[in-house]
Amino acid sequence: MKLKNSNQSLLQKIGPFIGLIVIVLIFSILEPGFLSMNNLLNVLRQVSFNALIAFGMTFVILTGGIDLSVGSILALTGAVSAGLIASGIDPIFAMLAGLLLGAILGAVNGFIIAKGKVAPFIATLATMTIYRGLTLVYTEGRPISGLGDNAAFQMLGKGYFFGIPVPVVTMLISFGILYFILKKTTFGRRVYAVGGNEEASILSGINTDRIKIYVYSLTGLLSALAALMLTSRLNSAQRRQVKCSNLMRLQLSSSAAPA
Amino acid sequence: MIKMTNISKSFSGNQVLKNVQFSLEPGEIHALMGENGAGKSTLMKILTGIYSRDSGTVEVKGKEVHFTSPKQAEDAGIAVIHQELNILPHLSITDNMFLGNEETFGRSGIIKTKTMEQKTKKALLDLGLDIDPAAPASSLSVGQQQIVEIAKALAVEAEVIVMDEPTAALTDREIDTLFATIRELQGRGVSFIYISHRMEEIFSLCDRITILRDGEYVGDKRIAETSFEEIVQMMVGRELGERFPQRNAAIGDVKLAVKGLSRKDCFEDVSFEIRRGEVLSIAGLMGAGRTEVAQSIFGYKKADSGSVEFDGRAVKIRNPKQAKELGIGYITEDRKSEGLIVDFTVEENVSLTNFSAISKNGLISKKKERSLYDSMVKRLGIRTSGPEQTAKSLSGGNQQKVVIAKWLGIAPELLILDEPTRGVDVGAKKEIYSIINELAERGVAILMISSELPEVIGMADRVLVMHEGKVAADLPKAEMTQERIMHFAAGGGNHEVKEQ
Ligand SMILES: Nc1ncnc2c1ncn2[C@@H]1O[C@H](COP(=O)(O)OP(=O)(O)OP(=O)(O)O)[C@@H](O)[C@H]1O
Ligand SMILES: [Mg+2]
């Protein structure tokens with residue numbers, strides 16, 4: 001799609017990649033082990049959690065919005081899934097419940113923004129605090145552990161698939177699906193349209209409220225997926241899982257991604 | 001005053017100006033005409049330093065200049081009103097008026113809000129617009145925004161004022177006020193470059209005319225020594241024939257019936273019917289509530305009371321999506337803010353209303369999308385460098401055609417056109433009229449809002465004249481005259497109509 005990129009100079013387009021190459025070069029000189037397969041996979045696994053959230057945030061930003069609550073959704077859905085597992089419920093069911101909860105929390109954001117006409121920054125700042133509060137209430141401030149040894153659940157954060165960490169595989173598959181949705185479907189086109197000119201979109205007969213609710217819901221779902229992967233990897237869910245600094249980082253990296 | 005010679009300009013390999021010349025005498029009003037995409041706006045942007053020229057020279061008062069920003073041109077005494085409105089909607093009217101030229105207390109950077117507001121108020125009153133200068137610019141209609149732009153250009157004490165289609169969004173009354181202002185300034189020695197597609201204006205206002213065709217200079221003439229036909233001939237390169245093509249539409253059953261539609265502070269008790277195959281026009285002055293009526297029929301802004309019947313059935317249209325599903329199309333008044341997504345390509349803009357035709361199960365078929373684009377470009381004669389050109393970089397008239405293309409695709413049963421030929425050249429206007437006729441002949445009901453009276457009289461079967469939110473008259477073809485329409489639009493009662 002041509003869209004906004006068409007006016008960007010070549011340097012603007014490849015700038016981030018040059019930055020990446022420079023960083024890789026510096027680290028491989030400072031630490032020869034950096035370029036080893038093992039380490040690279042490790043790094044990829046580290047970013048996969050953030051990447052999933054950034055994918056969702058891409059959609060949100062394309063509609064002209066922002067979602068500050070992703071970190072809180074991650075914490076809450078992670079805690080609830082872990083709590084369900086620890087209480088002896090079938091882990092598969094618990095994971096699905098976590099994903100569903102993420103989608104719902106996101107949809108709540110979308111609903112407030114679309115129907116309540118609240119600016120996305122304000123709306124998600126509020127829900128960020130609310131979701132964080134709910135997490136605190138749910139966990140009573142204690143980490144949840146004792147998550148058993150269900151194979152599927154363990155696989156999600158710790159497993160390997162032909163030598164590649166499962167979170168990395170999940171990230172790549174999600175990327176493929178989301179890229180396809182954005183570029184090839186009417187939904188993707190409408191996402192761009194809402195961000196490009198909301199008024200013209202409405203007047204073209206597009207239900208922009210619905211698009212917004214879907215987009216925030218998608219981001220909630222992806223945050224929940226990241227939460228499950230993280231919970232599985234750490235084998236526990238903690239309120240502090242998303243510490244303040246961590247949260248900032250999540251938001252920064254998510255916002256930077258689509259630029 | 002200004003002399004441009006051998007100006008050439010290409011955009012990424014696409015040459016839009018070839019050896020163009022242009023000269024402006026002191027104190028004259030010089031018209032610049034040409035079809036959509038002929039290069040008029042580009043030439044003016046070169047003059048004022050927005051674009052750089054590939055070759056050629058520009059002289060101002062005998063000295064060669066190389067402006068690199070509009071600010072430099074302004075300092076040299078050249079002010080511009082651009083074709084695209086440059087209003088920042090969230091700022092107040094005053095802030096827009098003084099943007100970049102704010103008055104401050106000394107060098108403190110603290111803005112003299114009161115003084116600026118008073119000046120704004122006065123400048124707008126001079127142009128016949130009485131409005132609170134502290135109100136946000138987004139509260140203005142397109143026409144009012146245009147007046148703010150004009151006032152802004154008049155406020156810098158310029159020697160040359162370039163006006164790129166300043167009257168496109170204005171109705172007769174504001175145009176009269178604007179012309180009086182232009183003539184007054186001309187009397188003080190200011191010269192004007194005036195771009196417009198409205199022939200009547202050129203003849204009543206201008207002294208001389210330069211004509212461009214496909215980026216080339218065709219000639220210049222004294223207005224007194226030329227004629228409507230000659231100008232059209234020079235612009236289009238061929239005879240155009242009848243200005244309004246013939247229509248043979250059978251008028252059928254009532255398609256849309258509106259009864260007692262009201263919205264507070266906008267319009268009141270509006271009732272009318274449109275039949276299949278009929279062209280109903282709504283005329284009126286700026287602020288008469290014409291667009292608002294169209295918007296509430298289309299479900300964009302709700303009416304407080306009243307009812308709408310479509311095909312004889314009462315319908316409640318809550319949003320544009322439902323209107324579209326019923327088969328109603330709405331070609332909006334303001335193409336930049338309501339009609340187009342300017343960063344999208346032409347093709348993507350056309351697709352916007354036509355997802356059901358170009359997709360299956362939510363997947364867009366690239367092939368169907370391209371063939372829709374191809375058929376629309378051909379049908380409407382849209383000049384683009386290809387489907388991937390952004391709507392932003394099209395000439396104004398071609399942007400308008402893209403908006404029309406969006407709605408032709410859905411094969412509407414009722415088409416609302418709000419100022420459909422705004423900024424469109426004579427040839428393309430005729431094409432649009434032919435499209436309207438063709439649709440009417442196929443039984444489509446047409447609701448056309450227009451401020452150009454010749455167009456209303458030439459095209460409509462009936463005209464509804466609105467005055468301050470109320471229907472002042474509903475005139476059949478036989479009773480339509482410019483005088484009668486103006487009379488009712490200005491609020492004159494039934495008894496005083498003078499026949500001529
Ligand atoms: N920034 C740009 N990039 C690419 N092409 C451009 C750009 N600006 C203008 N053009 C092209 O240059 C041609 C001339 O455009 P211009 O806006 O000067 O026409 P115009 O005579 O003012 O037409 P109109 O009467 O419709 O306003 C058009 O074909 C247009 O698509
Ligand atoms: Mg132009």
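## Ligand 1 and its surroundings

A polar contact here is a pair of N or O atoms within 3.5 Å; within protein, one atom must be able to donate a hydrogen and the other to accept it, and residues adjacent in sequence count only if both atoms are side-chain atoms. With that in hand, look at Tyr51(B): one of its polar side-chain atoms sits 3.3 Å from a nitrogen atom of ligand 1. This is a predicted model, where local features need pLDDT of at least 70 and side-chain atom pairs count only at pLDDT 80 or more, while totals for chains, interfaces and linings use all residues. Side-chain values use heavy atoms, leaving out hydrogens and water, residues are numbered from 1 along each chain as its sequence is written, and chains are lettered from A and ligands numbered from 1 in the order in which they are written.

Back to the ligand. It is surrounded by 20 residues (a heavy atom within 4 Å), and the closest are Asn36(B), Lys40(B), Ser41(B), Thr42(B) and His197(B). Asn36(B) has a side-chain N or O atom 2.8 Å from an oxygen atom of ligand 1. Gly37(B) uses its backbone instead, with an N or O atom 2.8 Å from a ligand oxygen.

## What the record says about chain B

The unreviewed UniProt entry annotates "domain: ABC transporter" on residues 2-239 and 249-493 of chain B; the positions follow the numbering used here, feature names are shortened, and annotations may be inferred rather than shown by experiment. Residues 2-239 of chain B come out at 34% helix and 26% strand, with end C-alpha atoms 32 Å apart. For residues 249-493 of chain B, the figures are 36% helix, 27% strand and 33 Å. Helices (H or I, at least four residues) and strands (E, at least two) are DSSP runs, numbered from the N terminus.

## Where chains A and B meet

Contact (heavy atoms within 4.5 Å) links 26 residues of chain A with 31 residues of chain B. The two chains bury about 2300 Å² between them, 61% of it on carbon and sulfur atoms; that is accessible area (1.4 Å probe) lost on putting the two parts together, summed over both. On the chain A side, Arg189(A), Leu203(A) and Ser204(A) supply 30% of the buried area, more than any other three residues.

Arg189(A) also forms a salt bridge with Glu369(B), at 2.8 Å between the closest N and O atoms. The rule (a side-chain nitrogen of Lys or Arg within 4 Å of a carboxyl oxygen of Asp or Glu) finds 1 salt bridge across this interface.

## A salt bridge within chain B

Over all chains, the salt bridge count is 42. In chain B, Arg208(B) pairs with Glu28(B) at 3.0 Å, N to O. Arg208(B) lies in strand β9 and Glu28(B) in the loop between β2 and β3, so the pair ties together parts 180 residues apart in sequence.
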